[in-house]
Amino acid sequence: MIRFVPRERTPVWLTLAVSVGAGIAALLLTAVPLALSGAPVLSAFRLMVEGAAGSGFAFAETLTRATPLIFTGLAAAIAFRARLWNIGAEGQLYAGALATVALGAGLLELPPALLVPVVLVGAALAGAALLLVPVFFKMRFGADEVVVTLLLNFVMLLFVQMMLEGPMKDEMALGWPQSAPVLDEATLPKLVSGLRLHWGLVLAVICAVALHVLITRTVWGFRIRAVGENARAARYAGLPVGKAMALVGLLSGGLAGLAGASEVAGLKGYLTADLSPGFGYAGIVVATLANLSPLGVIPAAIFIAGVFVGADSMSRAIGVSNYLADLVVALSLLSVLIGGLLARFRIVFVRRETA
Amino acid sequence: MIAPTAPDQPDRTPHETRPLVLSLAGVTKRFGNLVANYAIDLDVRAGEIVALLGENGAGKTTLMSILFGHYVADEGTVHIADAAGRLAPLPGGSAEAALDAGIGMVHQHFTLAENLTGFENIVLGTVPLWRLGFGTAAARAKVARLMKESGLEADLDVPVGRLSVGEQQRIEILKALYRDVRVLILDEPTAVLTPQEADSLSATVKTLAGKGLAVIFISHKLHEVLALCERVVVLRGGAKVADRPAAGADRAMLAELMVGREIPARERTPSTLGAPVLRLVGVAVGAPGERDRLETADLELRGGEIIGIAGVSGNGQGSLAALVAGLKAARSGICEIAGYPATRTDPMTRIKAGVGRIPEDRHRDGTIGALSVAENHVLETVGSSENQRHGLLRRTAIRARAAQAIRDYDIRCPGPDAPIRALSGGNMQKVVLARVLERAPRLILAHQPTRGLDIGATTDVHRRLLAARGRGAGILLISEDLDELFALSDRIAVIHAGHLSPAMEVAGLDVRIVGLMMAGHTAEEDA
């Protein structure tokens, strides 16, 4: 018989070992379907690693893919810290993207130093507004935010499609449902010319550090942690539970909105309905891998992005479906969840004595 | 069926002929460096009522958990008599094995499914779930027989969530009896009962023991232990320090055995009464039909006095406490705190008005388990200028003040940064006390301030509350523990079914009258 005995304290090395071990376990588990599909396992993994980080160009591509994941990962991390189950980062991302083209594709004519911040703030507010609705319903009526945020994703995506087929459709796009391109003044500059990597990454890292400081060093971060860990006791102690939740909604939705702004203004240049291949949902995986730590979100996002980019490149090279990337991500999430269990509990094998 | 045979009785003594049903020898259990149980021997005979005494952390819970299969002993053996009376080793680490062997336990916090009826709870686990409600005649008959034999009365056909605490406890005991237990462990069974209910429980336990059931009775209330039990076993620091007949023992002696030192007597000095700090006139709290609502309360609490609120939980104490704590507003009537009307539902305005609140449930309301001792210490005051500057936490100052509180209140913990859930209940409560009392509140709400605490921690809480009274604070002490109420209060009011009685002077007050009032009789009709 197996018993789980709670650990009194989880050492730091164990937390790190579990994260690394989970990644390795995920790769080992992926080897099984890979081998079954007839691919040479070792060279497939080699191609994956090379595709993700084998060259400066490959790694830059991974970082480009990691940028929106850092934003959505942070959005999930701060929300989950406060036990606000925001499953709607995907919709908030599109709300931010929509705001980006609404403000940055010709409505305002400002110098870049002004237009970029205006667009970013607008995108963050749009994402936040979309999350504050379910937060309000949760606080006021006890509505389950999982359901509301999840369903709002579809509402938002359909709204974007409507806008792209209608009022926001670019006349010059030969009938494709896409928006007008954002102005050069609203575009996030490239970090290195010739690569797709843009300043969105720097912004994402700044956000991660800022969120870390907020959570650990500020009064509001304290209140957010208190509300998340035990809302009853926080209310009893007179902490402003509603305001803390509203702040969490503002931050979480805002960060997801920034993911959309960063993708549109930094990478694509215009909005289409397939802007995000599920960055909002992948953010939940990133945040979970990072154990909800804002700084941990950065490596977790790079890892997930690397898996996607590497699997893409590997599947092109040896002709295996790139769904394998989804498999690696899913298996790493499972491995991490199991690893988290190992970190919190000690497993004891009890031999059942027979009387 | 095998006919019962005479069991082996190696230590048959002239006056001890009852067969052994349970025998622990040399039981040792370690958690890391902590020795929770050390070489404990314990024999229990059929029909014997054995008291197990000890402070929190003395090893009672660990020992019972080993017995009940939640833990496995590192060393030592546990033998239990089988149906034929022969002692056989109990397989360790299996609750099912313990149940099969005839060990039943009634936990302090009941383990009933509140949405099932009493009968369903009793048979739960003995029949497949899908058969509940079918073919239950035999089970019915057995429960009826058990109720008749034991004198345990309870309504079996309503969801147990609607039953009183006393009835729920009787269901728990019936649940154990239904499984044909030979050893019944009662963990703090009287903690939640009125004196009358406790008396009736004692009678039941004696009846059951008379029929040969062995009972292990865990309690903090020494007078009950002395009245009910034949033998007293005292644990301290994981080891057995006494195992003696109850006859000839007295409370002071047992308390000292448990604590390992002399217990200082509580000192209640006369104090001067100050201005009213809490005035309730015709106050009602909670919507009609709501559980635990307050229908009518009239009360004037002045600085320098302690008013005790006696009553069984769920009779309106929750609403009264919520009103004073600022979690609820009065539906009607006047509530004045420190001379000002308290109309808003806002804990922070109460805190700022000088109300110190010690909540009933320190785990759910009083502390945040994942946060550190220091963070819990500043939970109510984190927004004040001594704890933050421009929205940034003054972490050094917060830690330093927590370290000071740890010294002042003798909080046993690894340090200010330790998560508070790592602390024992008593030390957790000391953090709450430090948080509340350091602000020198004018009105203190102490809701069950010593529930679940051991003698040492309880004495400490009492001493500090009396010191606050001496300083001029008015204290509203809500408790189910009559010993505590009589020891601390200047006046006592009884709450029953939402009605608060006038406060009566403690001097000359008969505990029986309070008990009857707790059960719903008025003072006049029974005086």
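F57(A), A60(A), E61(A), T64(A), L195(A), R196(A) and L197(A) line the second largest cavity of this predicted model. A cavity here is a set of points on a 1 Å grid over the protein atoms alone where a 1.4 Å probe fits but cannot get out, and lining residues have an atom within 4 Å of a point. Residues count from 1 along each chain as its sequence is written, and chains are lettered from A in the order in which they are written.

**Cavities**

- The count is two cavities of 30 Å³ or more.
- The second largest cavity takes up about 30 Å³, where volume is the space filled by probe spheres set on the grid points, joined across faces, edges and corners.
- Its lining splits into four nonpolar, one polar and two charged residues (Ala, Val, Leu, Ile, Met, Phe, Trp, Tyr, Cys and Pro are nonpolar, Asp, Glu, Lys and Arg charged, and the others, Gly among them, polar).
- The largest cavity holds about 50 Å³, and its lining residues include L152(B), G166(B) and L193(B).
- Two elements of chain B, α5 (165-178) and α6 (195-210), each give two or more residues to that lining (helices are DSSP runs of H or I with at least four residues, strands are runs of E with at least two, both numbered from the N terminus).
- Three nonpolar, three polar and two charged residues make up the lining of the largest cavity.

**Where the chains meet**

- Chain B puts 39 residues into the contact and chain A puts in 25 (contact means heavy atoms within 4.5 Å).
- Together the chains bury about 2,700 Å², 58% of it on carbon and sulfur atoms (buried area is the accessible area, with a 1.4 Å probe, that two parts lose on being put together, summed over both).
- On the chain B side, D365(B), I368(B) and L393(B) lose the most area to chain A, together 18% of what that side buries.

**Salt bridges and the chain B side**

- The interface has two salt bridges (a side-chain nitrogen of Lys or Arg within 4 Å of a carboxyl oxygen of Asp or Glu).
- D365(B) pairs with R232(A) in a salt bridge, at 2.9 Å from N to O.
- Elements of chain B that each supply at least two residues to the side touching chain A include α10 (347-352) and β16 (355-358).
- With four residues, α11(B) gives the most to that side.

Definitions and conventions. This is a predicted model: local features need pLDDT of at least 70, side-chain atom pairs count only at pLDDT 80 or more; totals for chains, interfaces and linings use all residues. Side-chain values use heavy atoms; hydrogens and water are left out. On a 1 Å grid over the protein atoms alone, a cavity is a set of points where a 1.4 Å probe fits but cannot get out, and a pocket is an open set with protein on both sides within 12 Å along at least five of seven lines; lining residues have an atom within 4 Å of a point.
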